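Okay, thanks everyone, I'll keep this short. Let me put the structure up and then walk you through a few spots in it.

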Amino acid sequence: MADTIGKVTQRCKIAAGLFWADYAVLGAQVKDLEEAGVDWLHIEVRDGKYMDFGMPRGGFDIIEAVRASTSLEIEAQLQMYRPTFDVFDQLKDLGVNLISLPIETTEEMIFQQITYIKEKLELKVGVWAWQGVPTMAFEQFIHPYVDIIEYESRAPFWVKPKPGQSPHTMDPIMVRTIRKLHDMIAEAGMEGQIELMEDGGLNAGNVAEFIAAGMTVGEFSSPLLKGPNGKLRPGTGEIAAAVQKLRAVMDAASEQYRTSDGRLKK
């Protein structure tokens, strides 16, 4: 199994989000994504309470199916209210490699849980938050136990997405926020070991400016799994073409803005 999460490189990575997967052909789409060269798979795991979304998404059955379909690392981004140690145990048993905890809703147990995931379960661990959470909230998580910090752009989920486009809204402040988070990580001397991810709203047209700001991983779902005519079909080359298009832009920006040891050029 590839071991890429938390190993910062010059090449900005692709975390393929499965939110827009076609669950009727999930395994085939996952295999197409792996063969096309994405770096890991990003699954949002909800409890039905988080953000008042009454319908859970990305449940354990989805993770089980994904694990059976790929050798890539799998991230479980928890969209949960006060996730428990039992949840972490189950995710480990299902073959998850990275558990990302929500800063806003994990609450006072978050560092105990980071320690448990890292020491007891020997998994990788991340923290994430939505746009609007101030950068200072991440300061204490610039820590050797944390493999990735993730910041997610806002999503007006009450607006019907346009065909082939992300439902997220990308405000200009997001680039500045990523740069602030990068600078915090660099000032702590951990630029080479903590990944920095922008989640939501990225595409081939805007990803370069985030790489220039210090992003080391981009999360993409719509650009890899949706097109103007709906969800991309596995086995047709559509998914591979989408990955290649994105990768070409990202590799060019990585070479322009990042050093060979994975740091931002000055």
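So, keep in mind that this is a predicted model. I'll start with the core. The largest nonpolar core has 71 residues, and the ones touching the most other members are Leu18, Leu33 and Leu224. There's also another core, lying apart from that one, with 7 residues, including Trp40 and Leu98. As background, nonpolar side chains in soluble globular proteins tend to be buried together.

Let's click on Leu224. What does Leu224 touch, if we skip residues up to four places away in sequence? You get Ile14, Ala16, Leu33, Val38, Leu232, Ile239, Ala242, Val243 and Leu246.

Ala16 is on that list, so let's go there next. Ala16 sits in strand S1, residues 13–17. Is Ala16 buried or exposed? Buried: its relative accessible area is 1%, and the cut-off for buried is under 20%. Leaving out neighbours within four places in sequence, Ala16 is in contact with Leu33, Val38, Trp40, Leu41, His42, Phe220 and Leu224.

Now the helices. Two packed helices are described by the angle between their axes and the distance between the axes. Here I've picked H1, residues 26–36, and H9, residues 238–257: their axes come within 9 Å and cross at roughly 40°. That angle is why H1 counts as oblique to H9. As for handedness, H1 passes H9 in a right-handed crossing. On the H1 side the contact is made by Gln29, Asp32, Leu33 and Ala36, and on the H9 side by Ile239, Ala240 and Val243. Sort those by class and you have 5 nonpolar residues, 1 polar and 1 charged.

Over to Ser100, in strand S4, residues 98–102. Ser100 has a relative accessible area of 0%, so it's buried. Beyond its neighbours within four places in sequence, Ser100 is in contact with Glu75, Ala76, Gln77, Leu78, Gly126, Trp128, Ile148 and Glu150.

Last stop, Met170. Where is Met170 found? In the loop between strand S6 (148–152) and helix H6 (173–187). Met170 comes out as partly exposed, because its relative accessible area is 24% and that class lies between 20% and 50%. Not counting residues up to four places away in sequence, Met170 touches Ser153, Glu198, Gly200, Gly201, Leu202, Asn206 and Phe210. And if you want a distance to check, the C-alpha atoms of Met170 and Glu152 are separated by 9.7 Å, with the two residues 18 apart along the chain.

That's it from me.

Methods. Residues numbered from 1 in each chain as written. Predicted model: local features only at pLDDT ≥ 70, side-chain atom pairs only at ≥ 80, totals over all residues. Heavy atoms only, no water. Axes fitted to C-alpha atoms, helices over the stretch in contact; angles between N-to-C directions. Helix = DSSP H or I, 4+ residues; strand = E, 2+ residues; numbered from the N terminus. Parallel < 35°, antiparallel > 145°, perpendicular 65-115°, else oblique. Left-handed = near helix turned anticlockwise from the far one by under 90°. Contact = heavy atoms within 4.5 Å. Nonpolar A, V, L, I, M, F, W, Y, C, P; charged D, E, K, R; others polar. Core = buried A, V, L, I, M, F, W, Y, C linked by side-chain atoms within 4.5 Å. Buried < 20%, exposed > 50% of the residue type's maximum accessible area, 1.4 Å probe, protein only.
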